[in-house]
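Could you walk me through this structure, one feature at a time? I'm new to it.

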Amino acid sequence: QVQLVESGGGLVQAGGSLRLSCVASGSFFSITTMGWYRQAPGKQRELVTTIRSGGRTNYADSVQGRFTISRDNAKNTVYLRMNSLKPEDTAVYYCVADDCSGVGCSRYWGQGTQVTVSS
């Protein structure tokens, strides 16, 4: 089992920045992909960004150029630096991690952290 704990959310004005962190702990085989999803009120959960253990990244078009994902494999931690925040970035942000063994992968989710961007 993998436990994911996010931190760093909060209230920020439009144009501001925040950094989210997510630490993975527990018993696992090998955490490969880590990333972030978000869910705004009344909307479906959507992918924000992912990063593989080798460093390859993927971003949603809506955050490309503004958000940066990074990870520290030694600390099992993933970060999300969010710049030039917009009111439409307001959402609960969820950390995800894929734990993979020889028979497949399981995806784990954090509890979420609220990000609110005021106009």
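Q: What should I know before I start?

A: This is a predicted model, where local features need pLDDT of at least 70, side-chain atom pairs count only at pLDDT 80 or more, and totals for chains, interfaces and linings use all residues. Residues are numbered from 1 along each chain as its sequence is written, and side-chain values use heavy atoms, leaving out hydrogens and water.

Q: Why is strand E8 largely enclosed by the rest of the structure?

A: Buried means under 20% relative accessible area, exposed over 50%, and partly exposed in between (1.4 Å probe, protein chains only). Strands are DSSP runs of at least two residues, numbered from the N terminus. In E8 (residues 77–82), 5 of the 6 residues are buried, so the rest of the structure largely encloses it.

Q: Which strands pair with E8?

A: Pairing takes at least two DSSP bridges between two strands. E3 (residues 18–26) runs antiparallel to E8 over 6 bridges, with Arg19 opposite Arg81. E7 (residues 67–72) is also antiparallel to E8, again with 6 bridges, and there Arg71 faces Val78.

Q: How many aromatic pairs are there?

A: Rings of Phe, Tyr and Trp (its six-membered ring) pair if their centres lie within 6.5 Å; planes under 30 degrees apart are stacked, over 60 edge-to-face, the rest tilted. There are 2 pairs here. One of them, Tyr94 with Trp109, is edge-to-face, at 6.4 Å centre to centre and 75° between the planes. Tyr94 sits in E9 (residues 91–101) and Trp109 in E10 (residues 104–109), so the pair ties together parts 15 residues apart in sequence.

Definitions and conventions: Helix = DSSP H or I, 4+ residues; strand = E, 2+ residues; numbered from the N terminus.
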